[in-house]
Amino acid sequence: MSPTGTEDDVAAIAKRWKNKRGSLIMALHGLQDRYGYVPREAAMSLGEQMDVPLARIYEVLTFYNYFRLKSPGKHVVSVCMGTACYLKGAPQLLSRASEELGIKPGETTADGEFHLQVVRCVGCCGLAPVVTVNAKLLAKVTGESLEAHLLTPTTAEDGKA
Amino acid sequence: MARLTVADLEARAPAEAQVSDQPKIKVGMSTCGMAAGAEPVFVALEAELRRRSVEWRVARTGCAGMCSMEPLVEVTLPGQPAVMFGDVTPEFARHLAAACAAGKPLPVEKRVPGIADLARIAGEPVATEGGPRQYRIVMRNCGVIDPEEIDEYLDRGGYKALARVLSTMTPEQVIEELKVSGLRGRGGAGFPAWLKWSLTRESAGEEHLIVCNGDEGDPGAYMDRSVLEGDPHAVLEGMIIGGYVIGAKSGFFYIRAEYPLAIQRIEKALRQARASGLLGNNILGTDFSFNVEIRLGAGAFVCGEETALIASVEGKRGTPSPRPPYPSVKGLWGQPTMINNVESLANLTQIVLRGGEWFSGIGMGKSTGTKVFAVTGKVKHAGLVEIPMGMTLREVVEGICGGSASGSPIKAVQTGGPSGGLIPARELDTPITYEHLQKLGSYMGSGGMIVMDETDDLVELSRFYLGFCVDESCGKCAPCRIGGTQMLRLLDRIAAGKGNEGDIATIRRLAHAMQKASLCGLGQGAPNPVLSALRYFEPEFRGRLTSSGN
Ligand SMILES: Cc1cc2nc3c(=O)[nH]c(=O)nc-3n(C[C@H](O)[C@H](O)[C@H](O)COP(=O)(O)O)c2cc1C
Ligand code: FES
């Protein structure tokens, strides 16, 4: 279990969703919200408490892009690659971020500070191109503004990715 | 909040009747507004008013559709028309608040067209002939009310449609009204809503269920997000009416996880509705009981497809299954299930209140009512527009959205997202109806409208769309899985200048096979962007072939 997590959290999530139909994905969202990813121990414990075989949990986790199986690091940088952002230069932003951080999309920096990923539209297409850093949405991003943000990512962002 | 009854709602006077002697200040606080910096603007307005010891409330509102001008602040002085300010900075906000507090005239800078300049609103009088081009039924409250205050929704006639349905209409009468309205599904396919409602109602099962499809998978479109964020109760009210009509006791909102604010607003709307007796047992004091829960997507485009969506709501992998049986016969947990798109449901209250005939009077031919589009890409004013069907593409792209942003001429418009198609600039005078768009090889889709100018490379764009579908293919059926990958390889080759004559013919053959043999709409629709690019822009592909002398 992640150092910040406790059995109690998993128990609370399991209790909330156990007897609701079709709730497995909701419970897994609960875990990811709590830990930033779905730790294996938490998934096992959830499975036991909700009477769902671990194989079924992983079948679901691996199908959906949104779920992460590894800790993503402190700052999750998501470059939107929806059509509107694509047309407004998202591919160039992605290469820039990749270069700046020294990692490919889907990877985390060695110091655990940054995770880079691609998302398919966050619904802010009118202000394309869009990048999110954790819960903070950056609009009309340019190479320069992105770089500035990667240098000082902590301003005004809390919450989870 | 006390539980409401039918009589309470009938007696409620509209907000227009309430006069206020205070200025009304509203800030657009939907996802786009927040991204553009609405929060610091809101804080600055409040702080400046407080500093001047004025106790006016600064209100939050949803997306008015003018996304490229966010942050937006609307100020209405007593007895005067509303004035909208765009690109507002915290500094300007302080200046604005100071002027209001001092009773001085409002600044002349940063003024942009207001909602009343852009759109007529369903049920409100129109000022003049030749007035605004937009017509808002679905977005009638977006950017107008505070979506987190149920009272503001009630003040705009909210839940009156539900009260009318529960107290005076049989399910059959609602279906009849829908039939007269001609409303067709706004999620893409355009299936007649009344028929789906009636089929689900008539299917036998242990229980009936209703699902609101808020997956909004088309990347580059965000109509549904804006409605969920800007007027959550309208969607919920439509859903409760749907539940009554088909005889359901439970309903589900399926919303993509990438829309945290929409989820939060729907959660809040559900809590408020429960507390007000609009949801739960004995709604509005009648014997109708209905509950709604939320289920979240998890980043899979295919889950917008209705059979995959059902699997996902059940908590499983989102793999589609063959139809028939249709969800209306066998859906969630094997029971008759009605799946409606967000925008489809958001039309319901107005159809009930104003009548099916009123609705069918808007639009063109078999495409009645309005459609919301997210117009993005290379236009000057990217944003959301709601237009009566039958308006031409040109009027939307050039008239409402200001045409090309760069000065480079518009080359094409794409509608329908990854299953849709390109429409070349020479066809821009086509009216927007289900039939006309289909004739051009595209389709209505859920409302994405992406504008490209002459600098955009359509071979690359075809690769982009197909690449999206290949990534998102669930892999269950071979035509989609293998056909898509093969076609993408050919496109890669052409884009790299290594393709030959035969490749284009092979692409067409593969496309045909995918359209005919794929299990679900993802694979069936995936070749469309490529085919339509070939249909109108084949020379661009040919120019890249090795034999063309490059
Ligand atoms: C690949 C695929 C993705 C889809 N995505 C969506 C979506 O995101 N939202 C939606 O409302 N409908 C989507 N649809 C259409 C739904 O299957 C379904 O027809 C629709 O939700 C029905 O609602 P309506 O009749 O109100 O349009 C999609 C269909 C396909 C084939
Ligand atoms: S395409 Fe990037 S936010 Fe929609």
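**Close-up views of a predicted two-chain model**

**The two domains of chain A.** The C-alpha centres of domain 1 and domain 2 of chain A lie 29 Å apart, the domain bounds being those of an automatic or database domain assignment. This is a predicted model, in which local features need pLDDT of at least 70 and side-chain atom pairs count only at pLDDT 80 or more, while totals for chains, interfaces and linings use all residues. Residues are numbered from 1 along each chain as its sequence is written, and chains are lettered from A and ligands numbered from 1 in the order in which they are written. In chain A the assignment places domain 1 at residues 6-63 and domain 2 at residues 75-158. The C-alpha trace of chain A spans about 50 × 30 × 25 Å along its principal axes. Chain A holds seven helices and four strands, where helices (H or I, at least four residues) and strands (E, at least two) are DSSP runs numbered from the N terminus; their order from the N terminus is α-α-α-α-β-α-α-β-β-β-α. Of the 161 residues in chain A, 47% are buried, a residue being buried if 20 or more other C-beta atoms, placed from the backbone, lie within 10 Å of its own, exposed if 12 or fewer do, and partly exposed in between.

**Strands S1 and S2 of chain A pair in parallel.** Six bridges join strand S1 (residues 75-80) to S2(A), and two strands count as paired if DSSP finds at least two bridges between them. A:His75 has A:Phe114, in S2(A), as its bridge partner. Strand S2 (residues 114-119) of chain A is largely enclosed by the rest of the structure, because five of its six residues are buried.

**The contact between chains A and B.** Chain A contributes 31 residues and chain B 38 residues to the contact, two residues being in contact if their C-beta atoms, placed from the backbone, lie within 7 Å. On the side of chain A that touches chain B, the elements giving two or more residues are helix H2 (24-35), helix H4 (54-63) and helix H5 (83-87) of chain A. That side of chain A comprises 21 nonpolar, eight polar and two charged residues, with Ala, Val, Leu, Ile, Met, Phe, Trp, Tyr, Cys and Pro counted as nonpolar, Asp, Glu, Lys and Arg as charged, and the others, Gly among them, as polar.

**The largest nonpolar core, seen around A:Val130.** Within this core of 221 residues, A:Val130, B:Val375 and B:Val396 touch the most other members; a nonpolar core is a set of buried Ala, Val, Leu, Ile, Met, Phe, Trp, Tyr and Cys residues joined through C-beta atoms within 7 Å. Helix H11 (residues 232-246) of chain B supplies the largest share of this core, nine residues. Residues up to four places away in sequence aside, the contacts of A:Val130 include A:Cys80, A:Cys85, A:Cys124 and, from chain B, B:Ala35.

**The shell around ligand 1.** Among the 23 residues around ligand 1, those that come nearest are B:Gly185, B:Gly187, B:Gly304, B:Asn341 and B:Gly521, a residue being near a molecule if its C-beta atom, placed from the backbone, lies within 6 Å of it. Strand S11 (337-341) and helix H22 (521-525) of chain B are the elements that give two or more residues to this shell, and S11(B) provides the largest share, three residues. The shell around ligand 1 has six nonpolar, eleven polar and six charged residues, and it draws at least three residues from each of domain 2 (150-358) and domain 4 (458-542) of chain B.

**Domains 2 and 3 of chain B meet.** The C-alpha centres of domain 2 and domain 3 of chain B are separated by 26 Å, and 18 residues of domain 2 are in contact with 17 residues of domain 3. The side of domain 2 of chain B that touches domain 3 has four nonpolar, nine polar and five charged residues.

Helix H9 (residues 193-202) of chain B has seven of its ten residues buried, so it is largely enclosed by the rest of the structure. Its buried residues, B:Trp194 and B:Trp197 among them, pack against helix H8 (171-181), strand S8 (208-214), H11, S11 and helix H14 (342-346) of chain B. B:Gly157 and B:Trp197 are 40 residues apart in sequence and 24 Å apart in space, C-alpha to C-alpha. B:Gly157 belongs to the loop between helix H6 (150-155) and helix H7 (160-168) of chain B and is partly exposed, because 18 other C-beta atoms lie within 10 Å.
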